[in-house]
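Here is a short briefing on charged side-chain pairs. Look over the sequence and the structure first.

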Amino acid sequence: MNKELDERDVIVLECVRDADEPMGSWALVDSLEAHGHKVSSASIGRMLYRLERLGYVEGQSNKGRVITKEGVRAIEHHKARSSLDTHRRRLETLINSKVLEEYLM
């Protein structure tokens with residue numbers, strides 16, 4: 001199974017992480033709407049199921065889901081990778097073949 005997270009996965013994980021209690025799909029829908037994201041409860045349920053299979057969240061009986069240590073690490077990894085990608089793109093715009101050619105001359 002692909003362990004890559006997209007932005008929506010990370011936002012869901014952050015909402016679950018920041019909650020004081022286990023979160024279900026309806027609570028997540030409300031939380032995401034407060035952050036300006038429109039997602040259906042069914043979509044959230046599928047995302048939670050996938051995140052649970054990946055080991056990033058775990059169910060708490062019928063109360064909802066909580067984040068795991070692996071989920072916290074996944075958020076940190078995604079943030080670090082996004083930051084590196086941003087710096088890489090910026091560096092690529094600064095260093096192009098013309099700049100390298102002039103440097104070598």
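Arg73 is partly exposed, at a relative accessible area of 47% (buried means under 20%, exposed over 50%, partly exposed in between, with a 1.4 Å probe and protein chains only). Its partner in a salt bridge is Glu70, at 3.0 Å from N to O. The model is predicted: local features need pLDDT of at least 70, side-chain atom pairs count only at pLDDT 80 or more, and totals for chains, interfaces and linings use all residues. Residues are numbered from 1 along each chain as its sequence is written, and side-chain values use heavy atoms, leaving out hydrogens and water.

**The count**
- A salt bridge here is a side-chain nitrogen of Lys or Arg within 4 Å of a carboxyl oxygen of Asp or Glu.
- That rule gives six salt bridges.

**Within helix H4**
- Arg73 and Glu70 both sit in helix H4 (residues 69-94), three residues apart, about one turn of the helix.
- Helices (H or I, at least four residues) and strands (E, at least two) are DSSP runs, numbered from the N terminus.
- Glu70 is partly exposed, with a relative accessible area of 31%.

**Helix H3 to helix H1**
- Arg50 and Asp9 form a salt bridge, with the closest N and O atoms 3.0 Å apart.
- This pair links distant parts of the chain: Arg50 is in helix H3 (residues 41-53) and Asp9 in helix H1 (residues 7-18), 41 residues apart.
- Asp9 is buried at 6% relative accessible area, whereas Arg50 is partly exposed at 22%.

**Strand E2 to helix H3**
- Arg65 and Glu52 form a salt bridge at 2.6 Å, N to O.
- Arg65 lies in strand E2 (residues 65-67) and Glu52 in helix H3, so the pair ties together parts 13 residues apart in sequence.
- Glu52 is partly exposed, with a relative accessible area of 30%.
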